[in-house]
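I opened this structure for the first time today and kept short notes. They are set down in the order in which I looked things up.

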Amino acid sequence: MTTIRVLIADDQMMVRQGFTVLLNAEPGIEVVGQAVDGLDAVAKVAELHPDVVLMDIRMPGLGGIEATHLITEPAGATVKVLVLTTFDLDEYVYEALRAGASGFLLKDASAAELAQAVRVVADGEALLAPNITKRLIAEFSRMSGAPRAPLKERVGDLTERETEVLSLIAQGLSNAEIAKRLVVAEQTVKTHVSRILLKLGLRDRTQAAVFAYETGLVRPAGY
């Protein structure tokens, strides 16, 4: 079994140490380092090459949003960022998703939830299943205003089926659930997802969901 290498970035020592103890007790997960702020996180990613970064949003100096952008933006970057926050409707979380984060987790999550989140993100999936995440993306996409034309035009690059799959991704459905909804094989859905990400130049499902809301392909409930 491949071990998932994790870096924890948080300015509170107790948080870093607590998460380190919890994750190191999980099979197949190893905490390879800790960072005290965003700049330290960027440097440690370059040095340690973790698979997943647990990133606090609010840190002195370089914050989690800017650090996430610097970590995920370079071409070929494979590290995944899982944002940590105290508030489930923190406006900064949405900005972190746009900056390249693959999902977010509340700091009071249980050990099991924390480990599962790390595994899901490391596997290339996105933390979109929880209702809170879908609500967050929907709410802040709604607040961001009208769909932007350049993004809207890019939807035209997708086939009708790919557009349908993108819409279902944004609604938080897994590949298996999408396959069941469309009555196709799960492998077919995986192929569609890969093509969607490639055509739109997106990193993962989280970015695809944000894109779908921002282009107006999917509208927040009630709007």
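**Ground rules.** I am reading a predicted model, in which local features need pLDDT of at least 70, side-chain atom pairs count only at pLDDT 80 or more, and totals for chains, interfaces and linings use all residues. I number residues from 1 along each chain as its sequence is written, and side-chain values use heavy atoms, with hydrogens and water left out.

**Confidence.** I looked up pLDDT, the predictor's confidence in each residue, from 0 to 100. The protein chain averages 82, and 81% of the residues score at least 70. Strand 1 has the highest confidence, at 96, and helix 6 (residues 131–143) the lowest, at a mean of 59. Where pLDDT is low, the predicted coordinates should not be read in detail.

**Whole chain.** I found eleven helices and five strands; helices (H or I, at least four residues) and strands (E, at least two) are DSSP runs, numbered from the N terminus. Of the 223 residues, 50% count as buried, where buried means under 20% relative accessible area, exposed over 50%, and partly exposed in between (1.4 Å probe, protein chains only). I also checked contacts, meaning heavy atoms within 4.5 Å. Among those between residues at least 6 apart in sequence, 68% join residues at least 24 apart.

**Cores.** I then searched for nonpolar cores, sets of buried Ala, Val, Leu, Ile, Met, Phe, Trp, Tyr and Cys residues joined through side-chain atoms within 4.5 Å. The largest has 26 residues, and V53, M55, V81 and V83 have the most contacts inside it. At least two residues each come from strand 1 (4–9), strand 2 (29–35), helix 2 (38–48), strand 3 (52–56), helix 3 (64–72), strand 4 (80–85) and helix 4 (91–99). Helix 4 gives the largest share, five residues. Apart from this core I noted another, of 23 residues, including V165, L173, V189 and L200.

I went back to M55 for its partners. Not counting residues up to four places away in sequence, M55 touches A9, A41, G64, A67, T68, I71, V81, L82, V83 and L84.

**Two loop residues.** Which residue in the loop between helix 2 and strand 3 did I mark? I marked H49, which has a positive phi of about 50 degrees although it is not a glycine. H49 counts as exposed, at 55% relative accessibility.

I marked V183 as well, in the loop between helix 9 (175–182) and helix 10 (186–200). Its phi is also positive, near 55 degrees, in a residue other than glycine. V183 is exposed, with a relative accessible area of 72%.
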